[in-house]
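Me: Hi! Could you walk me through a protein model I have to study?
Reply: Happy to, let's look together.

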Amino acid sequence: MNKLALGTLAAAALLVGCHTITEELPTQPSKAPASKGVVTVSIPVIPGTVPTPVPTPVPTPNATPTPGPGPTPTPPPSGGTGGCGNPIPPEVSRMNTKIHIRGANRYMLDTTPIVGPDGDYCRRIGFTDGRLFCPVRTEGSPDRVACEAYAIGVAWDTGRTGPTWYRNGKPCTTEAATGCENHEDNQYLLYAYAGGRYEACTKDGVCGGVDVDR
């Protein structure tokens, strides 16, 4: 074998050996997925230890109370009647209105509240003649003024205890405006300067009238 042939064979053997070394090199290990670091542990359920959920309370609407029967009316005590004692006057049924004094320039009218029909009340306050209608008290009774005030109320135009006076349906204020005028001291008296229909009325609208011709 000549030198050329030996050189060719040696070069071929070197190439084959290099390929074999490359094929036999160890392969790189593949990367494993990184761990997330979370460990899941199952917790065993122990019977009887799970709390029972408490239902949310539902508010109960307030019950509306049923009104009971009203109290039985009773006469007010003497302290609530302005000094009028027992027996308490019943409701006024009419007003006795009349001409009290006839003067040259004016008349003076007078009115008295009358209660009834109540024969028992009239007898108890001193009227023993069997009448059914009577004033709230007899003349001279110490509480007559207080009992009349309790029965009649207050005049709406003057604010004084006693009736409200009218002439021909209009309140009496001054002589010039209405032809009549309230007495300066006594609400049960009235000055009449002109003719017409005069009426005295209680707080409950019970009226009594008289015709004046002047």
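Reply: What follows is a chat about disulfides, a sheet, a core and a helix.

Me: What should I know before we start?
Reply: This is a predicted model, in which local features need pLDDT of at least 70 and side-chain atom pairs count only at pLDDT 80 or more, while totals for chains, interfaces and linings use all residues. Residues are numbered from 1 along each chain as its sequence is written, and side-chain values use heavy atoms, with hydrogens and water left out.

Me: Okay, how many disulfides does a search of the whole structure find?
Reply: The search finds four. A disulfide here is a pair of cysteine sulfur atoms within 2.5 Å. In general, a disulfide is a covalent bond between the sulfur atoms of two cysteines.

Me: Which pattern do they follow along the chain?
Reply: Counting bonded cysteines along the chain, the pattern is 1-4, 2-3, 5-6, 7-8.

Me: Tell me about Cys84. Where is its partner?
Reply: Cys84 forms a disulfide with Cys147, and their sulfur atoms are 2.0 Å apart. The pair links distant parts of the chain: Cys84 is in the loop between α1 (3-24) and β1 (92-102), and Cys147 is in helix α3 (residues 144-152), 63 residues apart. Helices (H or I, at least four residues) and strands (E, at least two) are DSSP runs, numbered from the N terminus.

Me: Are Cys84 and Cys147 buried or exposed?
Reply: Both are buried. Buried means under 20% relative accessible area, exposed means over 50%, and partly exposed is in between (1.4 Å probe, protein chains only).

Me: Why is the disulfide of Cys84 and Cys147 right-handed?
Reply: The torsion about its S-S bond is about 95°, so the disulfide of Cys84 and Cys147 is right-handed. The link of Cys172 and Cys180 has -95° about the S-S bond and is left-handed.

Me: And what about Cys201 and Cys207?
Reply: Cys201 and Cys207 form a disulfide with sulfur atoms 2.0 Å apart. Cys201 is buried, at a relative accessible area of 9%, whereas Cys207 is partly exposed, at 35%.

Me: Switching topic: in what order do the four strands of the open sheet come?
Reply: The order is β5-β4-β8-β9, with antiparallel pairing. β5 (170-171) and β9 (207-212) stand at the edges with a single partner strand each, so one side of each has no neighbour in the sheet. Two strands pair if DSSP finds at least two bridges between them.

Me: How many bridges join β4 to β8?
Reply: Four bridges join β4 (residues 164-167) to β8 (residues 196-201). One example is Trp165, whose bridge partner in β8 is Ala200.

Me: How many residues are in the largest nonpolar core?
Reply: It has 27 residues, and those with the most contacts inside it are Leu109, Cys134, Leu190, Tyr198 and Val212. The largest share, four residues, comes from α3. A nonpolar core is a set of buried Ala, Val, Leu, Ile, Met, Phe, Trp, Tyr and Cys residues joined through side-chain atoms within 4.5 Å.

Me: What is Leu109 in contact with?
Reply: Leaving aside neighbours within four places in sequence, the contacts of Leu109 include Trp165, Leu190, Tyr198 and Val212. Contact means heavy atoms within 4.5 Å.

Me: Last one: which residues of α3 are buried, and what covers them?
Reply: The buried ones are Arg144, Ala146, Cys147, Glu148, Ala151 and Ile152. What covers them includes β1, β2 and β3 (134-135). After α3 comes Gly153, with a positive phi near 100°.
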